[in-house]
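Colleague: I'd like to learn how to read a model like this one. Could you walk me through a few features?

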Amino acid sequence: MSDFSFQLRKVSKRFVKGKETITIFDNLDLDIPAQDYVAIMGPSGSGKTTLLNVLGGIDQVTSGEVLFNGQRVDTLNEGQLSRWRAANVGFIFQFYNLMPVLTAAQNVELPLLLTKLGSKDRRRHVATALDLVGLGDRSKHYPREMSGGQQQRVAIARAIVSDPKVLLCDEPTGDLDRTTADEVLEILALLNREHSKTVIVVTHDPEAANHAKRTLHLNKGIFVERTKLA
Amino acid sequence: MNHALLVTKNIGRRKLRTVLLLIAIFIAFLLFGALESFLQGFNAGQNSAAADRLVTVNKINFTVPLPISYVDRIRDLPGITHATSQSFFGGFYQDPKNFLLMFATDPQAYLQVYPKIVLPPEQRTAWLNDRRGIAVGRIVANKNHWKIGDHIPISSSIFSRADGSHSWDFNLDAIINLPEDSQRESVVLMHHKYFDETVTFARDTTSMIVFTTASPKLNDSIEKQVDAMFANSPYETSTDTAAAFNKAFVAQVGNIALIVTLVVSTAFAAILLIVGNTMVMAIRERTREIGVLKTLGFSGPVISAQILAESMLLALFGAALGLGTAWLALAATRRYLEALIPGVHMTGAILAAGLGWAIVLGLVTGAVPAWSGLRLRIVSALGRR
């Protein structure tokens, strides 16, 4: 098995809008080793969210290859991609995207409905994930009864409950105040450091980037700067 | 938690909308259950009519009488086993609104033409030997709280007696129990002889002649034979099977089946549009959530199945409420309804058809949103482009 979580080889992404073809990125190469913690920064429209979508298998590339642990994922069909995402990738969004009709525990349990785990095992996994993000006592609360930071922590618990190898985070602190944002970033760092998760964060927040092992700056579809942090 | 809980949570997320939808579905199936049950009642006569039983009435229409002598002439034809007269009496008990389906007949011959009526021997003997005796269907007896041995005054809205009164005294000698034939359980039968000797007009006549043949295969030829026998006479006849006669009788009220079909179809079409439109809107509101579920690994078919399950659950629950209420209402008023329309009740077939339509409603209203859920692209759902 490859030591890389993700490898992009000459990946291009273009949209046709009317008579115009818009290139998001062209011939992009990228290696993200397993257990890496990468921040992807760049101005709006630079293609960083599209890149995250491509890595998560929720958007198709126009050309090139996307490999996960040495296996191509850009050639998988919809059903195969669903199963691949359920098994390997956890998503964390800027606006949490929790189901308002479900409690915290039920939201966290959602990905486990796709596994063969029995209800008792599912509840055990959910309790572990909520404890890890410090919300063990809020399991029966609905999203509307929680603060933004707490909702984002529930979203993190949902992303890790099925023990995926990779966490893809799209502006995870974009809707949070500084203190709460730092708590969330600490959790992501902990997951990378002590639970060996590969964490890829798209962000505008320099503080968020500071928590990463390295930062990639994407502008007009190319990496213009690569910073390796100590 | 499981997929079923997720479905019910989604249904309950906008309670007012769900309640209004359920009310709409409830009304449609209440109408369906009630109207189909009425239709079943109207058709009961056709369904219970024996294949070998024929009815002869005046060619003009059944309200114009035939000579009573026609009974014997018909009975004497080859291939005919039994024949009886049946004169409509237009009876009512105490109040003209308490209408009775009452006929004057020859008791002995009537029991031969309707061999499924088996009276207890003592009741049979009492009725046959009592000129003032009546045999009463179970439904009528129950409705009016009549019992064997009662002396019952019955009035006629058509006939009068020589003394100018409209009331006749009867003895209740027999009760007809025949659950498979609600029409027979709804009649009151008096002796034709008592009728004939007391009425001021229409003596020696009958409204219709009911007779049985040796085999249903003979029906066609016997129908023609009977009508040919009385052709060019002052009282020409029209002969048909009992089923066809009952159907024609019901048709005089109107094309009940067409009315029921139109009302139910209109209700269903309206509900289909309401529920379908609401389901589409409900799923559109959840586009982002569906995108999130797909991101988590829920496949298109799983999402579609959940949406279909929502629409099916709504349809089935609403239908069960509607059909259940119709059943309860019919059961509560059956005593009164059966006196007017014998056989009106919700059968298992109506219940099964209702649930079948509920499944169709659920599938049709869920089809478009389920398809949308299946085809929805995650990137579009999350509003990322």
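Modeller: Gladly. Keep in mind that this is a predicted model. Let's start with two helices of chain A: Gly148(A), Gly149(A), Gln152(A), Arg153(A), Ile156(A) and Ile160(A) of H5(A) meet Thr180(A), Glu183(A), Val184(A), Ile187(A) and Leu191(A) of H6(A). Sorted by class, that contact holds 5 nonpolar, 4 polar and 2 charged residues.

Colleague: At what angle do H5(A) and H6(A) pack?

Modeller: The angle between helix H5 (residues 148-160) and helix H6 (residues 178-195) of chain A is about 15°, and their axes are 9 Å apart. Angles under 35 degrees count as roughly parallel, and H5(A) and H6(A) are therefore roughly parallel to each other. Their crossing is right-handed.

Colleague: Next, the chain contact. Which helix gives the most to the side of chain A that touches chain B?

Modeller: Begin with the totals: 21 residues of chain A are in contact with 18 residues of chain B. Helices H1 (48-55), H2 (78-88) and H3 (104-109) of chain A each supply at least two residues of the chain A side. H2(A) gives the most, with 6 residues. By class, the chain A side has 10 nonpolar, 6 polar and 5 charged residues.

Colleague: What do the buried residues of H2(A) pack against?

Modeller: Those buried residues are Leu81(A), Ser82(A), Arg85(A), Ala86(A) and Asn88(A). They pack against strands S4 (63-68), S6 (89-92) and S7 (166-170) of chain A, together with helix H11 (287-296) of chain B.

Colleague: And which residues touch the most other members of the largest nonpolar core?

Modeller: That core has 115 residues, and Ile40(A), Ala157(A), Ile200(A), Val201(A) and Ile25(B) touch the most other members. Its largest share, 11 residues, comes from helix H2 (residues 15-48) of chain B. A second, separate core of 48 residues includes Val57(B), Phe89(B), Val210(B) and Phe211(B). Beyond its neighbours within four places in sequence, Ala157(A) is in contact with Val108(A), Ala129(A), Leu130(A), Leu132(A), Val133(A) and Leu135(A).

Colleague: Last one: why does Thr18(B) count as partly exposed?

Modeller: A residue needs 20 or more C-beta neighbours within 10 Å to be buried. Thr18(B) counts as partly exposed because it has 19 C-beta neighbours inside 10 Å. Thr18(B) is found in helix H2 of chain B. Leaving aside neighbours within four places in sequence, Thr18(B) is in contact with Ile11(B) and Gly12(B).

Note on methods: Residues are numbered from 1 along each chain as its sequence is written. Chains are lettered from A and ligands numbered from 1 in the order in which they are written. This is a predicted model: local features need pLDDT of at least 70, side-chain atom pairs count only at pLDDT 80 or more; totals for chains, interfaces and linings use all residues. Two residues are in contact if their C-beta atoms, placed from the backbone, lie within 7 Å. Helices (H or I, at least four residues) and strands (E, at least two) are DSSP runs, numbered from the N terminus. Ala, Val, Leu, Ile, Met, Phe, Trp, Tyr, Cys and Pro count as nonpolar, Asp, Glu, Lys and Arg as charged, and the others, Gly among them, as polar. A nonpolar core is a set of buried Ala, Val, Leu, Ile, Met, Phe, Trp, Tyr and Cys residues joined through C-beta atoms within 7 Å. A residue is buried if 20 or more other C-beta atoms lie within 10 Å of its own, exposed if 12 or fewer, and partly exposed in between; C-beta atoms are placed from the backbone. Axes are lines fitted to C-alpha atoms, for helices over the stretch in contact, and angles run from 0 to 180 degrees between N-to-C directions. Angles under 35 degrees count as roughly parallel, over 145 as roughly antiparallel, 65 to 115 as roughly perpendicular and the rest as oblique. A crossing is left-handed if the near helix is turned anticlockwise from the far one by less than a right angle, and right-handed if clockwise.
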